[in-house]
Amino acid sequence: MEQVGSRALDAGVSPRERARFAVRRTVNLAMAGLVGLAALIGVAVLLFILGYVLVQGWQALSPAFFSQSAQPLDFDAKGQPIAGSGGGVLMSILGSLLILGLAALISIPLGLLAGMYLSEFGRGKFAFLVRYVADVMTGIPSIVTGVFVWSLVVITTGHFSAWAGALALSIIMVPIITRTVEEILRLVPNALREASYALGVPQWRTIVSVVLPSAASGVITGIVLAVARAGGETAPLLLTVLGNEAINWNPNQPTDALPLRIYDYATQPYAVRIEQAWGASFILIMVILVFSLLTRIATKGKKVG
Amino acid sequence: MDNTQVKEAPTQDPSTEGYNTPVATGGKSMEIRNLKAYYGSYLAVSDVNMEIQPNKVTALIGPSGCGKSTLIRCLNRMHEVTPGAPRVEGEVLLDGQNIYAPNADPVKVRRLIGMVFQKPNPFPTMSISENVLAGIKLNSGRLSHTQAAEIVEQSLHRAALWDEVKDKLGKSGASLSGGQQQRLCIARTIAVNPEVILMDEPCSALDPIATLKIEELIEELKAQYTIVIVTHNMQQASRASDFTAFMLAQDGPGHLVEFGPTQQIFTRPTQKRTEDYITGRFG
């Protein structure tokens, strides 16, 4: 190593050094391949699920499947259900949107504010408690949430309703939103808060107009994740909204939802119904995909910090 | 809330039509009396007494950890938003009025005493002109388009940045170079029309040419504002300031060792420790 300056890069390199270089290059390539493979497997699983669901359910995906509510099956002379009969899942799509909409209405403001509290003010014991409870709540099995809301709302009001379902989903969504918002807001550099304070901007205005916009894309991702998670929940809905064969816009009435419909149809003995369950599954996945894609496009280019 | 304790600059209230009159309010004097700054029970700066002359540049110098940044943050009540249970004792007078009086609103104080930070920190979600207007807009001030355009142009002119950015006012502030970003931050501070501008090592993240530009800018700004600058660059203090305060935190909390006209501090310091530091014997 004594004559580094004058030495040409390849001159005087011992075979031993050359061999080590080759090994290093091979290991590097192998590792890069491994990482790429892992990513590929991750994406492939999603594509496989999508493809499989589509293959299983494509026969059910007729225009009527989207535009009609559930109908009784028609049977032929031999007592077999006729393909294409049985109506559609419009009431489930609309019901899911209603329940998710109500749940978002409850949980987004609550989660956002709680997250802002934890990130901007949360120092003492109370904040620790909130954080701890939120973490524990994320881990509560959703069926327990369902039972809880069932006994608290369904029993006391005497009927199943979209409100009860929205409440159950909110219990799942609020802690997710709270913790994501907190983590994302913490990523916003303190220098920005100080810059704002130094201009004589009050703290609340700093949070609303400087901190939150700087973290917009992350906050929205957190909300989308929570909505997507709640959108696929079945157990809490089973005990709260019950299901409905017809379109229902009244939040005080039993309502249908895609996961419920999938569960119901998938356990029926008729091939036509099972196919419809696959079709509904495909719709559910697409609804969530399109939803997250739209929010991603809407928040494109906005970065944290 | 009663804010009579801190005098309003004539053009401070966004509801009045003061913003299009470019008359500077002029710098105000400041006086620090028996100031002590704590983090929890830890005393970081002890018993500072010092007078800051209006329309002059006062430099705070000293080795790292001597409390000069803590001190300057006490001058516009930014110390109390620092993490670590911050606390201040003593008085800081702006034009004779104590900014730590019980009914002095820290938010109002910071509108009168602006601050420029070590690392340029333009708001990344805002354009260049939005950055300049941020202080007014976020204080719920309403501006007509012409008023806004005037303030943007005037502030950027005063920050010596106008010619470089006049064709891209709509672009993100983050697209500028480090030196330009720092001048944008100065323009943003000027736009709210403060009486004093505090600068916490404003050039330490900049290259020599950008540093020179900021120093020239400081020289121009002191006609309209009182300026306090923290620097660990002694050449900068001797070039850019009228008064110099030397701080040290040896054997205890940070304290003021010597304060006087810059020329005197750099040529005939009365304290041995000042001389040692200035001649590079330690620090």
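1. F246(B) stands opposite E258(B), a residue of β10(B). Strand β9(B), residues 243-248, pairs with β10(B) in the antiparallel sense, over six bridges. Pairing here requires at least two bridges found by DSSP between two strands. Helices (H or I, at least four residues) and strands (E, at least two) are DSSP runs, numbered from the N terminus.

2. On the source: this is a predicted model, in which local features need pLDDT of at least 70, side-chain atom pairs count only at pLDDT 80 or more, and totals for chains, interfaces and linings use all residues. Residues are numbered from 1 along each chain as its sequence is written, while chains are lettered from A in the order in which they are written.

3. The sheet in chain B is open and has six strands. Their order is β6-β7-β8-β3-β9-β10, with mixed pairing. β6(B) and β10(B) (255-261) are the edge strands, each pairing on one side only. From one strand to the next, the twist averages 15 degrees.

4. Helix α6(B), residues 178-191, lies across β6(B) and β7(B) (196-200). The helix runs at about 170 degrees to β6(B). Axes are lines fitted to C-alpha atoms, for helices over the stretch in contact; angles run from 0 to 180 degrees between N-to-C directions.

5. Now the interface. 21 residues of chain B are in contact with 18 residues of chain A; contact means C-beta atoms, placed from the backbone, within 7 Å. On the chain B side, α2 (106-112), β6 (113-116) and α3 (128-137) each supply at least two residues. α2(B) gives the most, with four residues.

How values were computed: Two residues are in contact if their C-beta atoms, placed from the backbone, lie within 7 Å.
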